[in-house]
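Subject: Structure for your files

Hello,

Here is the structure I said I would pass on. My notes on it follow below.

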Amino acid sequence: MQQKPKKLTRENYLKYYYDIPYEGTTSQGKPLRKLQNITCPYRGIKIISGSALKDFEKCLKKCKNSVDAVELLFKYKKNMLPTEKSLFCIFQEFSHLNPNDNLQSCLQMISANSLMKLKLEEFEVLDEVDRLSRKLSISTALKLRAKTTKCRQIIISDSKRDTFKRKLFLNSLDEITPNNNEKEIFNNIKNKALFLPTSESSKNAFIVKYSKRKQEEITRRIFIASTGSIEHITPASSGGLNTIGNFLLTCANGNRYRENMQLTDYIKRFPKIPQYCQLYVNDIIEEIHNGGLKGNETYPYKIKEKLMKESEGRIMISLSSYKYTKEEAALAAEEYDKRFENYKK
């Protein structure tokens, strides 16, 4: 992720926090960014297309109170993820009781209680990390316990100077060098640590974080979570290429929450991913059959192979409904490329 800008405007907020469809820089992902009514392969929701964002921003500027914000978000309720939908329900009830107030006030009213719950969620993950550390050598386990102990001290401290930063803890694990025979165990521990709550995964983390933000940013964040984002199946940090055969169109939160997690570990967190991937491919096939994704008729075959490999066989996509054989798809893509080249001339 790029360095956080000193001042968050609407434009750099979107670029920094989310790879929304028309803000991305990877040209190979453009055909996917244009798609609409596609199922997110990670979370199973219908992705909000990038074309909706301009209208949303125009309406957002007119929002004066909680009622306005709730009315704007209501049309996207069916696209919301569980965390965002639970927050929306809270906002909806708040707006009935406090129509002239704003969403920040709503979060500020419940932030103290949510902070306590958030600390418990963090402890649960740290407890699991400590439990797994028993499989390590004594010297490595002690180094790891020192990290988790420091985190616990920060979490229970009331000092405003020290705040628990998930990313700092994750980075601190890289300071530990496990023995060769315990690298696999240590990687499992690092993957478990990725489940520390974030505003993407925890309602309480969202409330605590966004109680410090204005209503406009809160409303935008709820919306953007379900917008389209280009995801590398094999992460770029692991050598994944910037080619459409390594891309999925996912919702922004599904992309961000995976981070650099191995797909096999992500499936453990969300066991329905194989089912969602099939729904995603079904939507892609329907799009191609309706005349979309011209020149990318081989895409279903490419991601079927890529998902199978990256998931170590856990994701097995059926292309039985696809009208193109692999050879026919390659021929259709080739013919389109020739026509396109002739058109440019």
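A term first: a polar contact here is a pair of N or O atoms within 3.5 Å, where, within protein, one must be able to donate a hydrogen and the other to accept it. Please also keep in mind that this is a predicted model.

Helix 4

Helix 4 covers residues 66–74. The residue N65 caps its N-terminal end, with a side-chain oxygen 3.1 Å from the backbone nitrogen of V67. Within the helix, S66, A69, V70, L72 and L73 are buried. Viewed down the axis of helix 4, these buried residues fall within an arc of 160°, so they line one face of the helix. As a reminder, an α-helix has 3.6 residues a turn, so residues three or four places apart point the same way. The cover over the buried residues of helix 4 includes helix 3 (51–60), helix 5 (82–97), helix 6 (103–132) and helix 11 (215–224).

T219

T219 is buried, at a relative accessible area of 0%. Leaving aside residues up to four places away in sequence, T219 touches F56, L60, A69, L72, L73 and L103. T219 and A69 are 150 residues apart along the chain, yet their C-alpha atoms are separated by 6.5 Å.

T234

T234 sits in the loop between strand 1 (228–232) and strand 2 (247–251). Is T234 buried or exposed? Its relative accessible area is 11%, and T234 counts as buried because the cut-off is under 20%. Its side chain makes a polar contact with the side chain of K306, at 3.4 Å. Not counting residues up to four places away in sequence, T234 touches G240, N246, K306 and E310.

The second largest pocket

The second largest pocket holds about 370 Å³ of space. It is lined by 15 residues, and the closest to its centre are P31, K294, G295, N296 and Y336. Helix 2 (30–33) and helix 16 (326–344) each supply at least two residues of this lining. Helix 16 gives the most, with three residues. By type, the lining of the second largest pocket divides into six nonpolar, four polar and five charged residues.

Regards

Notes: Residues numbered from 1 in each chain as written. Predicted model: local features only at pLDDT ≥ 70, side-chain atom pairs only at ≥ 80, totals over all residues. Heavy atoms only, no water. 1 Å grid on protein atoms, 1.4 Å probe; cavity = no way out; pocket = protein on both sides within 12 Å on 5 of 7 lines; lining within 4 Å. Points joined across faces, edges and corners; volume = space filled by probe spheres on them. Helix = DSSP H or I, 4+ residues; strand = E, 2+ residues; numbered from the N terminus. Nonpolar A, V, L, I, M, F, W, Y, C, P; charged D, E, K, R; others polar. Buried < 20%, exposed > 50% of the residue type's maximum accessible area, 1.4 Å probe, protein only. Arc of directions from axis to C-beta. Contact = heavy atoms within 4.5 Å.
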